[in-house]
Amino acid sequence: MGQNIIGTDFDGVICENIHIDKSKKWGYMNGYERQKYRYDYMLAIKSIKPLHSNFFGNKDFVIITARNSNTKDITEKWCIEHNIFPKSIYFMELTKTREHMIQHKSKIITDLQITTYYEDDVKI
């Protein structure tokens, strides 16, 4: 990708964090609750607000998100609507655990030789 590529998380850095009811863990949800959670999640990611209007200016940057690729179309459309044009968006295909998020993001940061990365979660 070249030198001086900036990496950034998406939710909590580029846009607001997603706020939906997470009081019940996925494994304890029944079918209806899972369906409602998916619906609420997709609705939330369509309507979140950007945190920065021109965060990176004209610099090359990539987004490394823990979002699954089933949100790819919505995420890319949201970026275009808010004039955010990353070189690439890297989605996570693993189960969404902190360990998997660290593995996913660390691998891409290493592979692309990213030297500057923005993340809102201090544990990552």
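Analyst: A helix here is a DSSP run of H or I with at least four residues, and a strand is a run of E with at least two, both numbered from the N terminus. Aspartate 40 lies in one such run, helix H1. This is a predicted model, where local features need pLDDT of at least 70, side-chain atom pairs count only at pLDDT 80 or more, and totals for chains, interfaces and linings use all residues. Residues are numbered from 1 along each chain as its sequence is written, and side-chain values use heavy atoms, with hydrogens and water left out.

User: Why does aspartate 40 count as partly exposed?

Analyst: Its relative accessibility is 24%. Buried means under 20% and exposed means over 50%, with partly exposed in between (1.4 Å probe, protein chains only). So aspartate 40 falls in the middle class. In sequence, aspartate 40 is 35 residues from isoleucine 5, and their C-alpha atoms are 33 Å apart.

User: What makes threonine 75 buried?

Analyst: Its relative accessible area is 0%, so threonine 75 is buried. Threonine 75 sits in helix H2, residues 72-81. Leaving out residues up to four places away in sequence, threonine 75 touches Phe10, Arg67, Ile89 and Phe91. A contact needs heavy atoms within 4.5 Å.

User: How many aromatic pairs does the structure hold?

Analyst: Three. Phe, Tyr and Trp rings (for Trp, the six-membered one) pair if their centres lie within 6.5 Å; planes under 30 degrees apart are stacked, over 60 edge-to-face, and the rest tilted.

User: Why does the pair of phenylalanine 10 and tryptophan 78 tie together parts of the chain?

Analyst: Phenylalanine 10 lies in the loop between strand S1 (6-8) and H1, while tryptophan 78 is in helix H2, so the pair joins parts 68 residues apart in sequence. Both residues are buried.

User: What makes tryptophan 26 and tyrosine 37 an aromatic pair?

Analyst: Their ring centres are 6.0 Å apart, with 70° between the planes, and the pair is edge-to-face. Tryptophan 26 is in the loop between S1 and H1 and tyrosine 37 in helix H1, 11 residues away. Tryptophan 26 counts as partly exposed at 36% relative accessibility. Trp26, Tyr37 and Tyr41 form one aromatic cluster.

User: How do you know which disulfide cysteine 15 is in, or that it is in none?

Analyst: A search of the whole structure finds zero disulfides. Cysteine 15 has its nearest cysteine sulfur, that of cysteine 79, 8.0 Å away. A disulfide needs two cysteine sulfur atoms within 2.5 Å. Cysteine 79 is in no disulfide either, with the sulfur of cysteine 15 nearest, at 8.0 Å. Cysteine 15 is buried at 0% relative accessibility, and cysteine 79 is buried at 2%.

User: What lines the largest pocket?

Analyst: There are 31 lining residues, with Lys22, Tyr37, Tyr41, Ala66 and Lys96 nearest the centre. Helix H1 (31-47) and helix H3 (98-112) are the elements that give two or more residues. H1 gives the most, four residues. A pocket is an open set of points on a 1 Å grid over the protein atoms alone, where a 1.4 Å probe fits, with protein on both sides within 12 Å along at least five of seven lines; lining residues have an atom within 4 Å of a point.

User: How much space lies in the largest pocket?

Analyst: About 1200 Å³. That volume is the space filled by probe spheres set on the points, which are joined across faces, edges and corners.

User: How do the lining residues of the largest pocket divide?

Analyst: Into 11 nonpolar, seven polar and 13 charged. Asp, Glu, Lys and Arg count as charged; Ala, Val, Leu, Ile, Met, Phe, Trp, Tyr, Cys and Pro as nonpolar; the others, Gly among them, as polar.
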